[in-house]
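Subject: Structure for you to look over

Hello,

Here is the structure I said I would pass on. Please open it first; my notes on what was found follow below.

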Amino acid sequence: MQFLGPMQLSRLVMYLPQFVRVFYRLMKDERVPMLAKLVPWMGVLLMVTPPALELDMIPLVGELDWLVIAYLSLKVFIWLCPPDVVREHVSQIGRGE
C-alpha cells in the first residue's frame, strides 16, 4: 500500500471541488441509469447500518471503513455511468461552464 505524498495530496484536495461538481451533475443527468444513481445512496445506507456503526467504536478502523465505503461507492457510480456522459461533464467543468 502506497501513501500519498504531499504533492499528490495537495492535488487531490485541489481537484476535490471539481469532482463534487461532476458527481452532482451526473446525479442530475437523466442519461445516467437509475441503478448507477442508487449506488452512492446504498453506500450511505451501508455507513449507517448497525454493524458499520459498531466499527466506529474502534479508533482507526471506524474512520477507515467510512473512507473505503465512500471511495468504492463513488468509484462504482462513475464506472456505471455512461463514459460519454462522464467525459461531457468533465470537459464542461474543465472549460468553466
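A crossing of two helices counts as right-handed if the near helix is turned clockwise from the far one by less than a right angle, and as left-handed if anticlockwise. Please keep in mind that this is a predicted model.

With that term in hand, the crossing of α1 and α5 is right-handed. On the α1 side the contact is made by Q18, R21, V22, R25 and L26, and on the α5 side by V85, V86, H89, V90, Q92 and I93. Sorted by class, these are six nonpolar, three polar and two charged residues. Helix α1 covers residues 6-28 and helix α5 residues 83-95; their axes lie 10 Å apart, at an angle of about 135 degrees. The two helices are therefore oblique to each other.

Helix α1 also meets helix α2, which spans residues 34-47; here the axes come within 9 Å and cross at roughly 125 degrees. This pair, α1 and α2, is therefore oblique as well, but its crossing is left-handed. F23, L26, M27 and K28 of α1 touch K37, P40 and W41 of α2. That contact has five nonpolar, no polar and two charged residues.

The largest nonpolar core has ten residues, namely V22, L26, M27, V32, A36, F77, C81, V85, V86 and I93. Two or more of its residues come from each of α1 and α5. As for A36, leaving aside neighbours within four places in sequence, A36 is in contact with F77, L80 and C81.

Regards

Key. Residues are numbered from 1 along each chain as its sequence is written. This is a predicted model: local features need pLDDT of at least 70, side-chain atom pairs count only at pLDDT 80 or more; totals for chains, interfaces and linings use all residues. Side-chain values use heavy atoms; hydrogens and water are left out. Axes are lines fitted to C-alpha atoms, for helices over the stretch in contact, and angles run from 0 to 180 degrees between N-to-C directions. Helices (H or I, at least four residues) and strands (E, at least two) are DSSP runs, numbered from the N terminus. Angles under 35 degrees count as roughly parallel, over 145 as roughly antiparallel, 65 to 115 as roughly perpendicular and the rest as oblique. Contact means heavy atoms within 4.5 Å. Ala, Val, Leu, Ile, Met, Phe, Trp, Tyr, Cys and Pro count as nonpolar, Asp, Glu, Lys and Arg as charged, and the others, Gly among them, as polar. A nonpolar core is a set of buried Ala, Val, Leu, Ile, Met, Phe, Trp, Tyr and Cys residues joined through side-chain atoms within 4.5 Å. Buried means under 20% relative accessible area, exposed over 50%, partly exposed in between (1.4 Å probe, protein chains only).
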